[in-house]
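Me: I've got a structure open and I'd like to learn how to read its features. Can you walk me through it?

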Amino acid sequence: SDHVRRKAFEVLRYFYRWCCERGFASSNPLRDMRPPIIRDRPKTFLTKTEALDLLSAVRYSGREHAQRDHALLATLFYAGLRIGEVIRIKWPDLDLELGTLLVNGKGGKMARIPLHPEIARILREWELRRDPVCELVFPSRAAWHKTLGQLDAYRVELMLRKVYAPRAGLRGRVTPHTLRRSFATELRRRGVPLEHIQRLLRHYV
């Protein structure tokens, strides 16, 4: 990767400088060279406007599974979940009347979290199209055709990074974790106490 190449360059340049200072080399061949450029650096977070532009680009993309993908990415942004948690959600975990979700988190820790009204609305719309045979909220294509299956986290990241982020005009590598960070950043911008944000993110000490 670009990060590995840049680190290797810095190590070698320091090594040659050390050799020159101690008389083991007469010159540093890397002294006047520029380090490799790091391309496609992941975005730390999206602004609320950028996140909404992304969701809009997904919803109106015209792709076969656009509504599923829209609901999935909206869950990442509005609930601040990890991608591994989202792809495991089952319909019995949701209580859309009360607006809560039972999350199977890291280390098998279960937590019931409140749902933002917007994601509850989006999930209600998606529920109207659910496959009654499949309990998964966001089934894979195989599951969609009556064969139970779970979405692959890496494929979701590729879909987001290669298809939807460019459609929304977002520059830099946008990942599912970018949306989780965006959730936390938006709460912080609104003045929500850090301790409360940590509880919502389920950052256990």
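This is a predicted model: local features need pLDDT of at least 70, side-chain atom pairs count only at pLDDT 80 or more; totals for chains, interfaces and linings use all residues.

Me: Let's start with a helix. Which residues of α2 are buried?

Reply: Buried means a relative accessible area under 20%. In α2, that goes for A51, L54, L55, A57 and V58. They span an arc of only 160° around the axis, so they sit on the same side of α2. The helix itself runs over residues 48-59, and its end-to-end C-alpha reach of 16 Å is close to the 16 Å expected.

Me: What do the buried residues of α2 pack against?

Reply: Their partners are α3 (66-79), α7 (153-167) and α8 (176-189).

Me: Now the sheet. What is the order of its strands?

Reply: The order is β1-β2-β3, an open sheet of 3 strands with antiparallel pairing. β1 (94-95) and β3 (110-114) each have a single partner strand, so one side of each has no neighbour in the sheet. Strand β2 (residues 100-104) pairs with β3 over 5 bridges. To follow one of them on screen, pick L101, whose bridge partner in β3 is I113.

Me: And the aromatics: how many aromatic pairs does the structure hold?

Reply: There are 3. Take F77 and Y78: their ring centres are 5.0 Å apart and the planes meet at 65°, so the pair is edge-to-face; the cut-off for that label is over 60 degrees.

Methods
Residues are numbered from 1 along each chain as its sequence is written. Side-chain values use heavy atoms; hydrogens and water are left out. Rings of Phe, Tyr and Trp (its six-membered ring) pair if their centres lie within 6.5 Å; planes under 30 degrees apart count as stacked, over 60 as edge-to-face and the rest as tilted. Two strands pair if DSSP finds at least two bridges between them. Helices (H or I, at least four residues) and strands (E, at least two) are DSSP runs, numbered from the N terminus. The expected span of a helix is 1.5 Å times one less than its number of residues. Buried means under 20% relative accessible area, exposed over 50%, partly exposed in between (1.4 Å probe, protein chains only). The arc is that of the directions from the helix axis to the C-beta atoms. Contact means heavy atoms within 4.5 Å.
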